[in-house]
Structure formats: structure tokens, C-alpha cells
Amino acid sequence: MMTKIVNSWNDFDPLKHVIVGRADHSCIPPEEPATSEKVPIDSTMRGMWGPRPLETVEKANIQLDNLVKVLTERGVKVDRPEPLQWNQPVITPDFRTGSMMTCMPPRDTLLTIGSEIIEAAMSFRCRFWEYLAFRPLLSRYFNEDPEFLWSQAPRPRLSDKSYKHNYYDERISLEERLVRTANKDFVTTEEEILFDAADVMRVGKDLFIQHGLTTNRKAMEWFKRKYPDMRIHAVNFPGDPYPIHIDATFVPLRPGLIINNPHRRLPKEQRVIFEKNGWEIVDAAQPAHTEPPPLCYSSVWLSMNCLVLDHKTVIVEASEVHQLEQMDKLGMNVIPVAFRDAYAFGGGLHCATADVYREGTCQDYFPKQDFDDVTRV
């Protein structure tokens, strides 16, 4: 029997079906033009690459499996990808790199907009084939759901033309990095369409897309042409020296409420669209930890990388006591789930999932557009 499987227009309507990643065979990829600019100079991961230690993989999978259990107990259907042997080189006519990476964070690879799932045009060479881990799932959805539209963004070549080489050298200061971020000067060029799905915040008719180290303006123009009936907005966060993915910076909890990283606030001129439409932007609570776990690319602000199950319920990492408390004060029912052992494999609770089905339809949450919207592409 044919049935509707894919439907999701935002990150806060009731979640009924989701993909949760796996950490099997994950690797730390070798440096390349995209990744070398995203690893902080003082990170212990500089210069490291190869298969991740088996003990860490097992710990991550225990926490991923527990997340599946928590979701299933609350009536959410869960699918899992089929990991590749990531410790293989990626070879194309334009480049060669020593290994792939992981399929732990499906949120980076897959973008659900309504009844469509798009395979993203990612800027990391090591992630060139990552979408293959999700192909069996998408194929099944296609066979079973007559309304499901399976799409792939234009495949980038990721040749040297797609990057600014020697963009940062070892001597550049944090202040200089912040200047470049504020000036919207990033490692990716506009040679081809580049974006990670996790840089797109879906809010009904409006898509807010972070311009940063992972996603370029050409991608936003592609979205504008692909979805002429939707409104595409470019946002950036000048306080972030390594702007990668919007979901540890700007997170909607329910209609009208967003938490924003206080170190990476949305610029005043870009807040207008939210303020004019009655949305409240609240500073996220401070992280409970002063540094990320070992071998982790991400910052301590994965504390706010939560998974919203509905307008009143949210899953938060169990040790992030300040974020748990804030969510409670904001009127959310909070489910604590241990997840720090999985952080190093690609991010937090939101990163480790990709929507398949949320109840609800495409709503217009920003009907007031009668002003100069500086975020509009």
C-alpha cells in the first residue's frame, strides 16, 4: 500500500519519523582545502587523520542507539543509514584525498523540505560520497511514497577553483579571523554551488541560510530559483570565527521563539524580519563544559544543538545542566539524553538526526515583509 512517508517544513512541529546516524568505521579525514580552514589552530586534531579509535566508535554508537530507544519509546519511527568503509580514498578527475569521514550526522547531508529530500552539495572533499550511506533509505521512501521527491543538488567538482588557498595561515590571530567573518570573506569561492544541509534553517515558507565556511552565496541563489514560491534569506554571525552550520548558533524551539548563541548574535539589521513578525530571540544558556570532548571538531556550543520533538518537548544533552534549566524556564518539557561521546563524530543531537516526517503543513510564519529585509538574497 502506498503511503505518505516524507513531510517536514520546520524543526519544531511534532516529529514522527527520523533518521539517526551511525558512527561505524568513522575516520578523521586528512587536511584538505575545506577542512584545514575549519580546524582551530590550537586543536589537538591539527595534523591528525585516519580511523577513529574503536573504543570511541563503540561509545558513540551506544549513545546513538540510546537516542533511538528514547525516540522509539515516544512513538517516533527511526531509520538508520548503512555505513561505508570510510577508510578509503576519494579519487575524482579533480582531486584525491586519503579517506572519507562518517555518516553520523545525517543533518549535514540531507535536507527535507515538504515532501522532498535533497542530497546536499557539500564542500568537504572527504564527504563526496557520504550520501551513499543514505541511498537505500531514500530508495525505499521513493518506492513506498508516491509523493516523495528525491533530489540531488548539482554535484560540485571541488576542484582547486572552489577554494581560496592559504586562506588562513598559522600566524593569523583570532581577531583577524573575526574580521574576515564579519566581511563575509570565507574559504569557499563562488565557482560552484556549495552547501551543507545543516546551514539551512527551515521555517515554513522561509529558509534562513547561513553564509559561512561551508555554504556560499551561489547556493542561496540556487535555492531561490528552485523554490520561487519560498523566501530565501542569507544570515551570518560575525562573532563566529569558524561559521559552520546554523544549528549550534540559531535554533528555533517553537513558532515565535529562537535561542541564539550569545557569542554569535544575529546582526541587528538582520533581526528585523523576526522582530517585525513578533518572534523572540533569546540568548542561549552558557555551556556546562569549558572544552569539547577529545578529537572533536565542534565547539562547546553543541550545548544548544538540541532536538525538538514538538512545540513543548525537546531533547537536550544530559550534562548540559544550564541548557536544561533554560529550556524548562522557556516552558519546554525537557528530556535529558547523554550524547557527549558522540559529539566528536559530527555534532550534537540535532546534527545526528535528519527529519523524514513531521506533522504540519507549510505555514507563513513571517507574513510581514513590508520592509527592507537585508537578509534577502
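User: How much space lies in the largest cavity?

Analyst: Rolling a probe the size of a water molecule over the atoms shows where empty space is left. Here, about 190 Å³ of space lies in the largest cavity. A cavity is a set of points on a 1 Å grid over the protein atoms alone where a 1.4 Å probe fits but cannot get out; lining residues have an atom within 4 Å of a point. This is a predicted model: local features need pLDDT of at least 70, side-chain atom pairs count only at pLDDT 80 or more, and totals for chains, interfaces and linings use all residues. Residues are numbered from 1 along each chain as its sequence is written, and side-chain values use heavy atoms, leaving out hydrogens and water.

User: Which residues lie nearest the centre of the largest cavity?

Analyst: Of its 22 lining residues, those are Asp-11, Arg-107, Val-200, Asp-247 and His-350. By class, the lining has 14 nonpolar, 2 polar and 6 charged residues.

User: Which residues of helix H3 are buried?

Analyst: An α-helix has 3.6 residues a turn, so residues three or four places apart point the same way. In H3 (residues 135-144), Leu-137, Leu-138 and Tyr-141 are buried (under 20% relative accessible area, with exposed over 50% and partly exposed in between; 1.4 Å probe, protein chains only). Seen down the axis of H3, these buried residues fall within an arc of 95 degrees, so they line one face of the helix.

User: Is Asn-183 buried or exposed?

Analyst: Asn-183 counts as exposed, at 55% relative accessibility.

Technical notes:
Helix = DSSP H or I, 4+ residues; strand = E, 2+ residues; numbered from the N terminus. Arc of directions from axis to C-beta. 1 Å grid on protein atoms, 1.4 Å probe; cavity = no way out; pocket = protein on both sides within 12 Å on 5 of 7 lines; lining within 4 Å. Points joined across faces, edges and corners; volume = space filled by probe spheres on them. Nonpolar A, V, L, I, M, F, W, Y, C, P; charged D, E, K, R; others polar.
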